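Open the model in your viewer and get ready to select residues by number. We will take it one stop at a time.

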Amino acid sequence: MKIHAIQTGTVAIKTRQVEGVGQGSRRQLNMFLDREWTEPLPIYAFAIEHPEGVIVVDTGESARTADSDYFPSWHPFYRYGLREWVAPEDEIGPQLREFGIRAGDVRWVVLTHLHTDHAGGLHHFPRTEILASRADIKVASGRRGRLRGYPNRRLPRWFDPTVVDLSPVPYGPFPESLKLTATGDVTIVPVHGHTAGQIGVIVEDGDHAVFLAGDSSYTQDLMLRGIVDGPSPDETAARLTHERIRALAEETPTVYAVAHDPETASRLAERQVVGSVRLKAAA
Ligand SMILES: [Zn+2]
């Protein structure tokens, strides 16, 4: 199955956002106090060319973020914690057209979570069913959502996602899941941690799985080492998610694809599974 990693520009954040320092709310504060920026990191969205229709996982960022009034200037994260570079041609819509995929070919858009760099390309999919988790819709909505750093006034007016409620049906190490496709080869699982309700998409493709895991970690190495990022509101949930991803990779050869890992696109293109990377590192 063809799965495209689509880079919708780049983002720089604080190093302590990538690799959290301290416990609880201290970890979030440390992220703001940090003066050190990362290199520009990719902002990936994904498109799965499935026989039942194209499935887009996350929509990347919008070029409109270059407008000085796009993000609220009163919010410390946008003032001090984020730099983004997105050209109009970097947006997901034009890039899908390059692959010969039109918006009408897209059957579902799954939002792993509603952070700006995952929801910024939603305007390309006005007639597609959009799926998001109940918990994340809640944290991202209204005035409280804006205080938490979700620029929800920038969401399309028509945005009214289908709520994903996972069933108590285990999928490997994950206690809940939801089959997305009729053939049962694409499954949504909980990857809570980075946000309260973050979801991931697992594609079974022959002898291996491809795990589109949102922002479960900023790199594969950080997931393997169980390092919690700066923004995660619940450290225990984030660690548990890392454990479950590692357990899945032990059971099934798994390609790990997250939104800001510079290695994501090459791992996906080469279908380089988690174990092979570790063996290589150990050799
Ligand atoms: Zn995020």
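This tour visits a sheet, a helix beside it, one leucine and a pocket. Keep in mind that the model is predicted.

**Stop 1: the sheet**

Show the cartoon and select strands E8 to E12. They make an open sheet of five strands, in the order E8-E9-E10-E11-E12. The pairing is mixed. Strands of a sheet pair through backbone hydrogen bonds, either parallel or antiparallel. Which strands are at the edges? Color strand E8 (178-179) and strand E12 (254-257): each of these pairs on one side only.

**Stop 2: from E8 to E9**

Start at E8 and step across to E9. The two strands run antiparallel and are joined by two bridges. Select Leu 178 and look for Ile 188 of E9, which stands opposite. E8 and E9 form a hairpin with six residues between the strands. Click on Gly 184 in this hairpin: its phi is positive, near 80°.

Now select residues 186-190, strand E9. Is this strand mostly covered or mostly open? It is mostly covered, with five of its five residues buried. Show the side chains to see both faces. Val 186, Ile 188 and Pro 190 are buried on one side. Thr 187 and Val 189 are buried on the other.

**Stop 3: on to E10 and E11**

Next comes strand E10 (199-205). E9 and E10 pair in the antiparallel sense, over five bridges. Select Val 186 again; Val 203 in E10 stands opposite. Stay on Val 203 and look to E11, where its bridge partner is Val 210. E10 and E11 are antiparallel too, over five bridges. They form a hairpin with two residues between them. Gly 206 sits in the turn and has a positive phi of about 65°.

Select residues 208-212 to highlight strand E11. Five of its five residues are buried. One side holds His 208, Val 210 and Leu 212. Ala 209 and Phe 211 are on the other.

**Stop 4**

Select Phe 211 and find its bridge partner in E12, Tyr 256.

**Stop 5: Leu 268**

Select Leu 268 in helix H10 (residues 264-270). Why does Leu 268 count as buried? Its relative accessibility is 4%, and buried means under 20%. Which residues does Leu 268 contact, beyond its neighbours within four places in sequence? They are Ile 3, His 4, Ala 5, Phe 46, Val 210 and Val 255. Val 210 was on show in E11. The C-alpha atoms of Leu 268 and Val 210 are separated by 7.8 Å, yet these residues are 58 apart along the chain.

**Stop 6: the largest pocket**

Finish with the largest pocket, which holds about 560 Å³ of space. It is lined by 26 residues. Select Met 31, His 115, Arg 148, Tyr 150 and Pro 231, the closest to its centre. Now color helix H2 (24-33), helix H3 (76-81) and helix H5 (116-119), the elements that give two or more residues to the lining. H2 gives the most, with three residues. Color the lining by residue type to end the tour: 13 are nonpolar, nine polar and four charged.

Technical notes:
Residues numbered from 1 in each chain as written. Predicted model: local features only at pLDDT ≥ 70, side-chain atom pairs only at ≥ 80, totals over all residues. Heavy atoms only, no water. 1 Å grid on protein atoms, 1.4 Å probe; cavity = no way out; pocket = protein on both sides within 12 Å on 5 of 7 lines; lining within 4 Å. Points joined across faces, edges and corners; volume = space filled by probe spheres on them. Helix = DSSP H or I, 4+ residues; strand = E, 2+ residues; numbered from the N terminus. Nonpolar A, V, L, I, M, F, W, Y, C, P; charged D, E, K, R; others polar. Pairing = 2+ DSSP bridges. Contact = heavy atoms within 4.5 Å. Axes fitted to C-alpha atoms, helices over the stretch in contact; angles between N-to-C directions. Buried < 20%, exposed > 50% of the residue type's maximum accessible area, 1.4 Å probe, protein only.
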